[in-house]
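Please have the sequence and the picture ready.

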Amino acid sequence: MTFSHKLMLSAAVVAIFGATMVAGGAAQAQTAEFKTKQAGDVVIRARGIAMVPDEDTYDHNIGSGHGELNNDAVPEVDFSYFVTDNLALELIAATTKHDLSWKDPSLDAGSVRLLPPTLTLQYHFMPESRWSPYLGAGINYTFFYDSKPGQFNSVKYDDGFGYAFQAGFDYAISGPWSVNLDVKKIFLDTDISINNGANTSKAHLDPWVFGLGVGYRF
């Protein structure tokens with residue numbers, strides 16, 4: 001991903017958060033009944049997410065080029081528990097599949113599936129408002145599985161911890177139902193071993209995760 005793309009994505013996150021803060025004041029004037037965010041609430045969401053790796057391979061002996069993982073879009077389920085009216089813990093569960101290709105030289109390195117459970121602590125602004133934005137930070141552990149080697153004998157990825165930041169908002173529709181928009185940035189490193197370790201590379205995968213979905217608050 002180029003620097004301009006990174007800048008555009010960062011600007012989009014800031015714009016989303018700023019817009020929801022402004023809209024929140026006006027939204028409080030609406031009279032339709034909805035359940036406000038309260039301590040003890042449990043929220044279950046179903047989202048569609050797009051995982052967009054922002055990879056950077058380095059310190060490798062696979063030629064002079066670099067590796068690229070493609071994007072993937074999948075369904076995701078997440079669970080939130082409100083410790084207070086403003087503070088919530090969120091756990092997401094989803095799995096994605098990515099093809100790995102190597103550029104210069106051009107090589108097919110097969111595909112791999114990622115299972116990246118991520119736990120974040122969020123601060124929810126305006127929990128009593130219909131529009132309620134939030135910011136969060138937390139940890140991630142990514143499992144790599146079902147690896148296909150492509151034109152190689154083997155391709156292996158090391159599982160590992162990372163950390164995550166997020167921004168988003170909930171919009172209360174009616175009663176316990178709401179819609180949600182969420183953006184996460186996960187910082188994740190892995191070691192890639194090809195042909196049983198004959199060729200290796202370190203990689204920053206650092207994916208963006210864009211999500212849109214519906215939530216139900218208990």
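I will begin with the chain as a whole and then go through a few residues and the strands around them.

Before that, a word on where the values come from. This is a predicted model, in which local features need pLDDT of at least 70 and side-chain atom pairs count only at pLDDT 80 or more, while totals for chains, interfaces and linings use all residues. Residues are numbered from 1 along each chain as its sequence is written, and side-chain values use heavy atoms, with hydrogens and water left out.

The protein chain has 1 helix and 14 strands, where helices (H or I, at least four residues) and strands (E, at least two) are DSSP runs, numbered from the N terminus. Of the 218 residues of the protein chain, 42% count as buried; here buried means under 20% relative accessible area, exposed means over 50%, and partly exposed is in between, with a 1.4 Å probe and protein chains only. The accessible surface comes to about 10300 Å², and carbon and sulfur atoms hold 64% of that surface, the areas coming from the Shrake-Rupley method with a 1.4 Å probe, and for residues only the protein chains shown count as cover. If we take the contacts (heavy atoms within 4.5 Å) between residues at least 6 apart in sequence, 70% of them join residues at least 24 apart.

Let us turn to Arg45, which has its place in strand 1, residues 42-52. Is Arg45 buried or exposed? Arg45 is buried, because its relative accessible area is 1%. Its side chain makes a polar contact of 3.2 Å with the side chain of Ser80. A polar contact is a pair of N or O atoms within 3.5 Å; within protein, one must be able to donate a hydrogen and the other to accept it, and residues adjacent in sequence count only if both atoms are side-chain atoms. Leaving aside neighbours within four places in sequence, Arg45 is in contact with several residues, among them Glu76, Glu90, Asp170 and Val214.

The strands around Arg45 can be followed step by step. Strand 1 pairs with strand 4 (residues 72-82) in the antiparallel sense over 10 bridges, and two strands pair if DSSP finds at least two bridges between them. In that pairing Arg45 stands opposite Asp78 in strand 4. Strand 4 also pairs with strand 5 (residues 87-93), in the antiparallel sense over 6 bridges, with Phe79 opposite Leu91 in strand 5, and a hairpin of 4 residues joins strand 4 to strand 5.

Our next residue, Gln166, is found in strand 11, residues 160-174, and Gln166 counts as buried because its relative accessible area is 5%. Which side chains make polar contacts with the side chain of Gln166? One is that of Glu90, at 3.4 Å, and another is that of Asp182, at 2.8 Å. Beyond four places in sequence, the contacts of Gln166 also include Thr120, Tyr134 and Lys184.

Tyr163 is found in strand 11 as well, but Tyr163 is partly exposed, with a relative accessible area of 44%. Tyr163 and Leu188 are 25 residues apart in sequence, and yet 7.1 Å apart in space, C-alpha to C-alpha.

Now to the aromatic rings. Rings of Phe, Tyr and Trp (its six-membered ring) pair if their centres lie within 6.5 Å; planes under 30 degrees apart count as stacked, over 60 as edge-to-face and the rest as tilted. By this rule the count comes to 12 aromatic pairs. One of them, Tyr123 with Phe125, is edge-to-face, at 5.0 Å centre to centre and 75° between the planes. Tyr163 and Phe165 are also edge-to-face, because their planes stand at 85°, with the ring centres 5.9 Å apart. Trp131, Phe169 and Tyr171 form one aromatic cluster.

Finally, a look at two loops. Most residues other than glycine have a negative phi, and most peptide bonds are trans. Met126, although not a glycine, has a positive phi of about 50°, and Met126 lies in the loop between strand 8 (118-124) and strand 9 (131-148). Asp206, likewise not a glycine, has a positive phi of about 45°, and Asp206 is in the loop between strand 13 (199-204) and strand 14 (208-217).
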